[in-house]
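Good morning, colleagues. Please look at the model first.

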Amino acid sequence: MPSLILSLETSSAVCSVALHRLDDGRLVGQSELRLEKSHSSHLSVLVSQLLENTLHTLADVAAVAVSDGPGSYTGLRIGAAAAKGLCYALDIPLVAVSTLAALARQVAAATVPTEDLLLCPMLDARRMEVYTALYRPDGTQVLAPTPLILDEIALTEQTTQHRVLCFGNGAAKFRPLAAGNPNVAFLAGIEPSAVAVGALAVEAYARQEFRDVAYYEPFYLKEVYTTTPKS
């Protein structure tokens, strides 16, 4: 009987896959590739290699989870297409996990929680804008995912009452602007990971929170930015 959930994370430059057990949430294996613009050609290879290395096959997969966004438009589309294709072929459910919530889960797992601490994942969204949200260490959402223009007063309301820990590939842009605020701290080196997506997906699977495979689209948060080709 299928007992695993396969998770895909393609929202950033990191292409990541992971397998978790559904009965106890244990991580079975993970694999990732840090290579720009490699998702379309390497995602299926990573999945095949992970299954082979953990002595499993697609027949052991009970559901597929995908990082839902926000993030790279192209990356999210690639992940969604792969996840939907697997779900169609295997006739199994699809789980979508917020990219920002998964980032917060990664940090929460390695952070000593306090009542006044808020976790603030930030994903780069061009120029001085980021996609961000706020979470308590237990995963409770305080601020829903939103595009935020960064300036000296960004998140002032939250930082007057809480300590805010910022991380993700957009946090570096906020660091010089928040230099004078003692309630803002930064954590470097945090990248989206299928491991955190899978951990949240196991919980979502237990709650039967599935998405419609036919109509699922990633949560881009903003309209896709396109340019008109020059004639």
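**Strand pairing and the core**

Strands β4 and β5 pair in the parallel sense, over 4 bridges; pairing requires that DSSP finds at least two bridges between two strands. This is a predicted model, in which local features need pLDDT of at least 70 and side-chain atom pairs count only at pLDDT 80 or more, while totals for chains, interfaces and linings use all residues. Residues are numbered from 1 along each chain as its sequence is written, and side-chain values use heavy atoms, leaving out hydrogens and water. Helices (H or I, at least four residues) and strands (E, at least two) are DSSP runs numbered from the N terminus.

Which residue of β5 is the bridge partner of Val-64? That partner is Leu-94. Val-64, in β4, also stands opposite Leu-6; strand β1 (residues 4–9) runs parallel to β4, joined to it by 5 bridges.

I turn now to the core. A nonpolar core here is a set of buried Ala, Val, Leu, Ile, Met, Phe, Trp, Tyr and Cys residues joined through side-chain atoms within 4.5 Å. The largest has 33 residues, of which Ile-5, Val-95, Val-97, Leu-119 and Phe-167 touch the most other members. Among the elements supplying at least two residues each are β4 (61–67), α2 (73–90) and β5 (94–97), whereas α3 gives the most, with 7. Apart from this core lies another, of 22 residues, including Cys-15 and Val-61.

Notes
Buried < 20%, exposed > 50% of the residue type's maximum accessible area, 1.4 Å probe, protein only.
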